[in-house]
Amino acid sequence: MKTKNNRFDVVIIGAGVIGCAIARELSKYKVNVAVLEKEDDVGWGISCRNSGVVHAGFNNKPGTLMAQFCVEGNKSFAELCSQLDVPYKKIGKLVVAKKKEEIKGLQKLKQQGDTNGVDNLQIIDLNEVKRLEPNIEGIAALYSPETAITSPYLLTIALAENALDKGVSFFLNTEVKSIIRLNNSHFRIKTNKREFTSSYVINSTGIYSDYIARMVGINKYRIYPCRGEYHILDKNVSWLINHLVYPVPQAGVGGLGIHLTPTIDGNILVGPSNEYIKSKDNLSVTSSVMKVLSSEAREFLPLISPGYIIRSYSGLRAKQAPSSEGGFWDFVIEESGIVNNFINLIGIESPGLTAAQPIAKRVVEIINKKERLDFDPSFNPFRKGILRFEEQNEETKKTLIKQEPDYGEIVCRCEKVTKKEILEAVNNPLGARSLISIKYRTRAMMGRCQGGYCQNRIMEILRESFKLSPQEITLKGNNSYLLTGYRSNEVSKSCQKEKLLSLEEELLV
Ligand SMILES: Cc1cc2nc3c(=O)[nH]c(=O)nc-3n(C[C@H](O)[C@H](O)[C@H](O)COP(=O)(O)OP(=O)(O)OC[C@H]3O[C@@H](n4cnc5c(N)ncnc54)[C@H](O)[C@@H]3O)c2cc1C
């Protein structure tokens, strides 16, 4: 945090991929920016609960912002990831027709993609499908070599760290409770912690963006949560597919159909489902949908077996289209007509991850038109992430261990994460220290055992290296303590230290 006072030129509410991309884009100018996020870390909303696909742009209706920003985002994504040291792979995608009637759907998608400016789309026949994907069942496909994959949470973290480095202030665990308009162009923002004042407010709160807009009297938006559930398959079956494999999308459905997505880390995702729900917080996974995922995936990939599943999760689409209509409404990125200097980002559903940078540029354009922002020539677009020991060659590994013995201790055996990487994750510049923050930064606890082996060791490292008592460590901030026992404020000072130490010993045995 680089400022002591709470007055900013721009306050961004929400540190998802969109809020963080806007923060980074604004950090190129001489403006005083703050990001307020209710969670304990950045990217814990929809931005860590998606497919991680860098879409090419053939699914979106020509002439929409979705189509324009998806194509622009796709074309500039490799450069963005290389600047920010974020993994990216252009592996290509197949939209597979299983029966003759679906081939028309492929042609329509190709035509739409060509109109949107997507490069290199081609319709391929059964032989070519089998050559590219020997395990997939289908009779023809639309092949999109420009579709890529990335890590959505590492990208969000990287955007935030790059912005932070350029002076943007991040306030985590800071939930906006109300917004008062002080005059034509100033706001007072009340949070669970303190108050902020600002000339501009940017509402990038994803699924909650209608609720935040209502705080200043803008009632015209409504967001319907639409849940998508996924299975994650073990890395040891990554050989099953080489590309993203999608069905032909159905009209009036809120998603693109249950697909198979290789992740940047070598797992395969099966999903997401498509179910309008009432609550904006309900991230459950349900046995009924889980069964549907497995059976639909088997139609493409008969080799899938339940034993390959290591975990399930869900994400919520921020849909503007009600369930009676389904489908996709265009992104809304606008300064409200009734509240000056209040910029809303509404309905940023898929392909929001792909389009994050063009969306951020559009927001800055809106402000720039009113303020003529001064470019800051000291802006440095580059940022370095945590070095993945496992990805280095044997020679480099030996040198690293010599220079830094903590590379010599493997903490997470499934994902082969070293103690040095854990330490770097805990030392992250945003100051996020929960186990989930460590997990997203290193992949520790993401393997088949899901932390069964390494979680205790990670807590021990937090105690040894950062003097954190195990009772203070949380899974994901707030009150998500992992261990019960004495909390420091409940024990008298004289016996506190002794009791804690003996309790810690017991718990860590
Ligand atoms: C199932 C699924 C699959 C998807 N797959 C893809 C894909 O493969 N490719 C792609 O391009 N896009 C995909 N998307 C879309 C993409 O994930 C989203 O467009 C993108 O993540 C939206 O980011 P955001 O920053 O707007 O929202 P979020 O990441 O949800 O960020 C909003 C933030 O606001 C915070 N917040 C909310 N209320 C408050 C408050 N009162 N005070 C402070 N902070 C607050 C939240 O905690 C959250 O961190 C998918 C989406 C879903 C649901």
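Axes here are lines fitted to C-alpha atoms, for helices over the stretch in contact, and angles run from 0 to 180 degrees between N-to-C directions. The model is predicted: local features need pLDDT of at least 70, side-chain atom pairs count only at pLDDT 80 or more, and totals for chains, interfaces and linings use all residues. Residues are numbered from 1 along each chain as its sequence is written. Helices (H or I, at least four residues) and strands (E, at least two) are DSSP runs, numbered from the N terminus.

**Helix 10 and helix 11**
- The axes of helix 10 (residues 419–426) and helix 11 (residues 435–442) cross at roughly 120° and come within 9 Å.
- The two helices are therefore oblique to each other (angles under 35 degrees count as roughly parallel, over 145 as roughly antiparallel, 65 to 115 as roughly perpendicular and the rest as oblique).
- Glu-421, Ile-422, Ala-425 and Val-426 of helix 10 meet Ile-438, Arg-441 and Thr-442 of helix 11, contact being C-beta atoms, placed from the backbone, within 7 Å.

**Glu-404**
- Glu-404 sits in the loop between helix 9 (394–403) and strand 21 (410–412).
- With 15 other C-beta atoms within 10 Å, Glu-404 is partly exposed.
- Glu-404 and Lys-420 are 16 residues apart along the chain, and their C-alpha atoms are separated by 7.8 Å.

Notes: Two residues are in contact if their C-beta atoms, placed from the backbone, lie within 7 Å. A residue is buried if 20 or more other C-beta atoms lie within 10 Å of its own, exposed if 12 or fewer, and partly exposed in between; C-beta atoms are placed from the backbone.
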